[in-house]
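I opened my notebook to record what I looked up in one protein model. The sequence and structure come first, then my entries.

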Amino acid sequence: MGGMTDSLQLSPEAQDLLFREARTANTFTDEPVTDEQIAAVYDLVKYAPTALNSQPLRVLLVRDGEPRERLLKHMADGNRDKTANAPLVAVLAADVDFHEHLPRTFPHAPAMKEAFADAAQREGVARFNATLQVGYFLLGVRAAGLAAGPMAGFDATGMDEEFFAGTSLRTLLVVNLGRPGENAFYDRLPRLEQHEVMLDA
Ligand SMILES: Cc1cc2nc3c(=O)[nH]c(=O)nc-3n(C[C@H](O)[C@H](O)[C@H](O)COP(=O)(O)O)c2cc1C
């Protein structure tokens, strides 16, 4: 297989970049996030596995100016400045009509689109799988050399009405993007130990 090495492991440096030294950024420099960087992120994130290859994640890119002002209205008070000062903000959303794409994205089972006729059932599947893709999005941002500041502190109903009225998109998470600025990181918080998390059956 092209590109595979013997060890089938990321180098320790790559592991550091993606995990051990990756931090949630609370401030950013003014350096813009380029369209090329965004394309590089998606080129990785698109490989996230999803049920039935459903790929329900949608990403609204909010640059400076009027769109940013509209977004800030819905952020929690403690989050507003962080989102105001990020070079780029992504609103990650779930498309509850993801099933429209299934004939193309899951072509060997053409009946699957009809199996998702029930909108309430679709919404649960959309939110679960899009949230899985959110995790990959954060990793993809890190792999492309950027930092992410994910934030759930906002009015989701207000956000949906502001940006997604009359559409099948539902807001999941706001993610500030850029290069870390001054005092970008809080102290690393403790992680649970393996024995607290992993149990033997
Ligand atoms: C889903 C999600 C929601 C979060 N919401 C907020 C938020 O509303 N405001 C905020 O300042 N940080 C928020 N955070 C940041 C977390 O507090 C932070 O990622 C966590 O403490 C780990 O920090 P570290 O990556 O620097 O170790 C959120 C993170 C995630 C993943």
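My notes below go from ground rules to cores, a helix, charged pairs and the surface.

**Ground rules**

I am working with a predicted model, where local features need pLDDT of at least 70, side-chain atom pairs count only at pLDDT 80 or more, and totals for chains, interfaces and linings use all residues. Residues are numbered from 1 along each chain as its sequence is written, and side-chain values use heavy atoms, with hydrogens and water left out.

I noted how elements are named: helices (H or I, at least four residues) and strands (E, at least two) are DSSP runs, numbered from the N terminus. For cover, I use buried for under 20% relative accessible area, exposed for over 50%, and partly exposed in between (1.4 Å probe, protein chains only).

**Entry 1: the cores**

I looked for nonpolar cores, meaning sets of buried Ala, Val, Leu, Ile, Met, Phe, Trp, Tyr and Cys residues joined through side-chain atoms within 4.5 Å. Which residues have the most contacts inside the largest one? They are Leu92, Phe137, Val141, Val175 and Leu177, in a core of 25 residues. H7 gives the most, with five residues.

I picked Val175 and listed its contacts (heavy atoms within 4.5 Å). Leaving aside neighbours within four places in sequence, Val175 meets Leu88, Val89, Ala90, Leu92, Phe137, Leu138, Ala148, Gly149 and Pro150. I also found a second, separate core of 17 residues, which includes Val89, Met159, Phe163 and Leu169.

**Entry 2: Phe28**

I found Phe28 in the loop between helix H1 (12-20) and helix H2 (35-45). Is Phe28 buried or exposed? Phe28 counts as buried because its relative accessibility is 9%. Beyond neighbours within four places in sequence, its contacts include Asn85, Pro87, Ala147, Asn176, Leu177 and Pro180.

**Entry 3: helix H8**

I turned to helix H8 (residues 156-164) and listed its buried residues: Gly158, Met159, Asp160, Glu162, Phe163 and Phe164. What covers them? The cover includes strand E1 (57-62), helix H3 (66-72), E2 and E4.

I checked both ends. At the N-terminal end, Asp155 caps H8, with a side-chain oxygen 3.2 Å from the backbone nitrogen of Thr157. Just after H8, Gly166 takes a positive phi of about 75°.

**Entry 4: Asp95**

I located Asp95 in strand E2. Asp95 counts as buried because its relative accessibility is 7%. Not counting residues up to four places away in sequence, Asp95 touches Pro56, Arg58, Ala126, Ser168 and Leu169.

I looked at polar contacts next (a pair of N or O atoms within 3.5 Å; within protein, one must be able to donate a hydrogen and the other to accept it, and residues adjacent in sequence count only if both atoms are side-chain atoms). One of 2.6 Å joins the side chains of Asp95 and Ser168.

**Entry 5: salt bridges**

Side chains of opposite charge can pair when their charged atoms come close. I count a salt bridge when a side-chain nitrogen of Lys or Arg is within 4 Å of a carboxyl oxygen of Asp or Glu. How many does the whole structure hold? The search finds twelve.

- Asp95 pairs with Arg58, the closest N and O atoms being 3.3 Å apart. Asp95 lies in strand E2 and Arg58 in strand E1, so the pair ties together parts that are 37 residues apart in sequence. Arg58 is partly exposed, at 22%.
- Arg80 pairs with Asp77, with the closest N and O atoms 3.0 Å apart. They sit three residues apart in helix H4 (residues 77-84), so about one helical turn separates them. Arg80 is partly exposed at 28%, and Asp77 is exposed at 63%.
- Glu123 pairs with Arg127, with the closest N and O atoms 2.8 Å apart. Both lie in helix H7, four residues apart, about one turn of the helix.

I also noted that salt bridges with shared partners join Arg70, Lys73 and Glu162 into one network.

**Entry 6: the surface**

I finished with Leu192, in the loop between strand E4 (169-178) and helix H9 (194-197). Leu192 counts as exposed because its relative accessibility is 62%.
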